[in-house]
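Biologist: I'm new to this one. Could you walk me through a few spots?

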Amino acid sequence: MRSRTLGCTLLIAGTTIGAGMLALPLAASSLGGPATLLLMVILWALMAYTAMLQVEASLTTGHTHLHQLADHLLGPWGKRIAAFCMLMLFYSLAAAYISGGSSLLAQAVQDEGFALSQERAAWIFTLLFGGLVCVGTRSVDYINRLMFATKLVIMVAVLAMLLPRTEGQHLLAMPLEQGLLLAGLPVIFTSFGFHGSIPSVMLYLGRDPRQLRRVFVWGSALPLILYVLWQVAILGLLGQQSLLASGGALDGLLASVGQVIDWGAFSQAMHLFADLALATSFLGVTLGLFDFMAKALDRKESAVGRAQTGLITFVPPLLFALYFPQGFIMALGYAAIALAVLAVLLPVALVWQARKVPEQGSYRAPGGTLALAGAATLGSLIVVVQIGVSAGLLPTL
């Protein structure tokens, strides 16, 4: 595998394994094991499929960014919808990662005997990793490889300790009330969100469909495998009631695990893994946001231009994290609506339009009209469910 192909595969995996890895056990506290695992497999397949739909549309038209594709194939209104959803998605996810990352950073510093407020931790987290994005894609690629490799080593060691301690009866827990299976769709769906990074990967890697298919399928399949093992380990170790007692916060989840595995080095490894997971997701998402804003606002590649794009990219989600420090799960929920439109409904509409002139396309994603209809139906269901949760019509995880 070429170096850039490997790097982009790890970038997609690193973008996915972040909030998803940490939010899934929190979601499972209400859903239970079988329902969570079933939703993970279905939603991974959906996201891998729609990623290739976006690749097909891009290779057919010659455009890379989704708002350009929408303008070319769907007209001005399609462009406006795509641009709005991209901003909503990118900013929501970035805010979630800053919120979660600052919480973990503040807790880690406090464990070392120093005082650090979550507000200052949010500034430090944003300046450190946002600065890497402002430098360029190559710096993000190499730093992400290092962090992903470290994260993978830690996870293998953590799973080796947790899996033998799992209890089978914990894994068989069912949803606590009716409607939770639907309510779990948005959070788990967002855990497989990497589509915002597709344009950056295509700009960096090129337009070879075989390489792109490997990057997006394997880059999303690796998180699925790790999600399943992680879900079995955490839910099997703690059970539903202990997960519910964590209060839906990342530091609460890690504290619950630390109470069962009473070993200082293990606790430190868990915190380091959580930090790296959020950092790699933050890099992947904000890289996509940075490239989108630079293109949309026609910012130059000079130091001044990149600094201007950086301010536009990072200030809004930082403000959210400062005013809503416990907004990790809340931000993921709102991101689900934008992601469902951006990563499912729009790619389906783009490919539907592009296939009206099939001779223009050099690549076609697998699946015909039935597959497009199934993806559109599931994407629409996710939007309706999230609106229902926000309106109080469905239970909240």
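Biologist: Leaving aside its neighbours within four places in sequence, which residues is F189 in contact with?

Modeller: Keep in mind that this is a predicted model. Skip the neighbours within four places of F189, and what's left includes L43, L46 and M47. Further along the chain numbering, the rest of the contacts of F189 are A336, L339, A340, V344 and I382.

Biologist: Which residues touch the most other members of the largest nonpolar core?

Modeller: That core has 112 residues. Helix α13, residues 264-296, gives the most to this core, with 15 residues. The ones touching the most other members are L43, F189, V201 and F216.

Biologist: On α6, where do the buried residues fall?

Modeller: Helix α6 covers residues 118-135 and reaches 26 Å from its first C-alpha to its last, close to the 26 Å expected. Its buried residues are Q118, A121, A122, F125, T126, F129, G130 and V133. Seen down the axis of α6, these fall within an arc of 130 degrees, so they line one face of the helix.

Biologist: And which exposed residues does the face of α6 turned away from its buried side carry?

Modeller: Look at α6 from the face opposite its buried side. The exposed residues there are R120, L127, L128 and V135.

Biologist: What is the handedness of the crossing of α3 and α4?

Modeller: The axes of α3 (residues 33-61) and α4 (residues 66-74) come within 10 Å and cross at roughly 65 degrees. Q54, A57, S58 and T61 in α3 meet L66, L69, H72 and L73 in α4. As for its handedness, the crossing of α3 and α4 is left-handed.

Conventions:
Residues are numbered from 1 along each chain as its sequence is written. This is a predicted model: local features need pLDDT of at least 70, side-chain atom pairs count only at pLDDT 80 or more; totals for chains, interfaces and linings use all residues. Side-chain values use heavy atoms; hydrogens and water are left out. Helices (H or I, at least four residues) and strands (E, at least two) are DSSP runs, numbered from the N terminus. The expected span of a helix is 1.5 Å times one less than its number of residues. Buried means under 20% relative accessible area, exposed over 50%, partly exposed in between (1.4 Å probe, protein chains only). The arc is that of the directions from the helix axis to the C-beta atoms. A nonpolar core is a set of buried Ala, Val, Leu, Ile, Met, Phe, Trp, Tyr and Cys residues joined through side-chain atoms within 4.5 Å. Contact means heavy atoms within 4.5 Å. Axes are lines fitted to C-alpha atoms, for helices over the stretch in contact, and angles run from 0 to 180 degrees between N-to-C directions. A crossing is left-handed if the near helix is turned anticlockwise from the far one by less than a right angle, and right-handed if clockwise.
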